[in-house]
Every structure is written in C-alpha cells, then in structure tokens.
Amino acid sequence: MNLDFMSLKTTSVAAVRGERHKEKILERQKAQELQQAMLSERELNPYWKDGGTGLPPEKDEAASVKKVTVVEDAGLSWLQKSYQRMKEQAEREKRNFEEIVAERYGSMEVFQSRLEEAEKVASRKENYYGGGRLKKTDYSESEKEEKKQYMKKETRDEDDRN
C-alpha cells in the first residue's frame, strides 16, 4: 500500500477565500497607485499635485477673508434691506416693530446708529469717487434730525396699525 495521499497538501475553503481576498486587495491598491501616479503627472491644479488637499494653504485664506469684507456702500444697502424685512415681519406677525429691532440689534438706537454710520461712510465714498448716483446721502444736521423724527413717526404709525 502506498501512502501518497497523505503527502498531498490539503487546503480548506476558508484558506482559499482568504488568499483570493488578499489578492483582490493587493490588485486594488496597485490600481489606485497607478491611477494616482497618472493623475499627479497630468494634474494642472498645483494644490492637488503631490497628494495635496486641493485647497490653498491657510495663510492665504486669511487674506481672502479680508478682501471679501470690503463693501462698496459700507453695508448701507444691507441695513436698509434688513429694515424693510423687519417691517414686513412686524406686519406679518402683528408685533411691535421696536421689539423685532431689539431682538436683532439690541435696541432701536443701536440700529439707527449703525444705519447712520453706514450712510456717512457711503456718502464719503460716493463723494470721493464722483458719485454717479443722483441720490443725496450727505445730510446736514437738520436733515438728519428730520429723518430721525420721520423714522420714529413711522414706527409709531406701525404700532397704531397693530
């Protein structure tokens, strides 16, 4: 009797599956490495080259934020739009206009001071650049008082309607 069958190598199904799985993983890694090498050679974006994140360094981000914060009219149009939205909200919710202003800005005086400050800066810029607009924004002291009284009267009218 010959014992050749005892010298044969035996493998289990789990071992064969494990080997196949390892081979597949190695093939995927090689394919990814090849693809990454090809992308790096042809990549035009310098922030993606050499395994970068695609974004510029953080020190450039601070400079870009400063550029964005510069507004042509010093936020005047934004404040005017905010004023209009607060009026609409007061009408829609049937609430006091000054309460809504107080929720957003702390008080009516704070909002008016911000609005006046933005108007001053905008008028300075408009006067500096020649002012292509026909709108008058450089008010005298008496005109400013009239405007304040008008805004107060308008808020009182809003209260009477509610």
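Predicted model: local features only at pLDDT ≥ 70, side-chain atom pairs only at ≥ 80, totals over all residues.

Reader: At what angle do helix 4 and helix 5 pack, and how far apart are their axes?

Author: Two packed helices are described by the angle between their axes and the distance between the axes. Helix 4 (residues 76-93) and helix 5 (residues 97-105) pack at about 130 degrees, with their axes 9 Å apart. Helices here are DSSP runs (H or I, at least four residues), numbered from the N terminus; axes are lines fitted to C-alpha atoms over the stretch in contact, and angles run from 0 to 180 degrees between N-to-C directions. The two helices are therefore oblique to each other (under 35 degrees is roughly parallel, over 145 roughly antiparallel, 65 to 115 roughly perpendicular, and the rest oblique).

Reader: Which residues of helix 4 and helix 5 make the contact?

Author: Contact means heavy atoms within 4.5 Å. Among the residues that meet are Trp 78, Ser 82 and Gln 89 of helix 4, and Ile 100, Arg 104 and Tyr 105 of helix 5.

Reader: Is Ser 82 buried or exposed?

Author: Buried means under 20% relative accessible area, exposed over 50%, and partly exposed in between (1.4 Å probe, protein chains only). Ser 82 has a relative accessible area of 7% and is buried. Its side chain makes a polar contact of 2.8 Å with the side chain of Tyr 105. A polar contact is a pair of N or O atoms within 3.5 Å; within protein, one must be able to donate a hydrogen and the other to accept it, and residues adjacent in sequence count only if both atoms are side-chain atoms.

Reader: What joins the side chains of Gln 89 and Arg 104?

Author: A polar contact of 2.7 Å joins them. Gln 89 counts as buried, at 12% relative accessibility.

Reader: What is the phi of Lys 94?

Author: Most residues other than glycine have a negative phi. Lys 94, which is not a glycine, has a positive phi of about 55 degrees. Lys 94 lies in the loop between helix 4 and helix 5 and counts as exposed, at 66% relative accessibility.

Key
Residues numbered from 1 in each chain as written. Heavy atoms only, no water.
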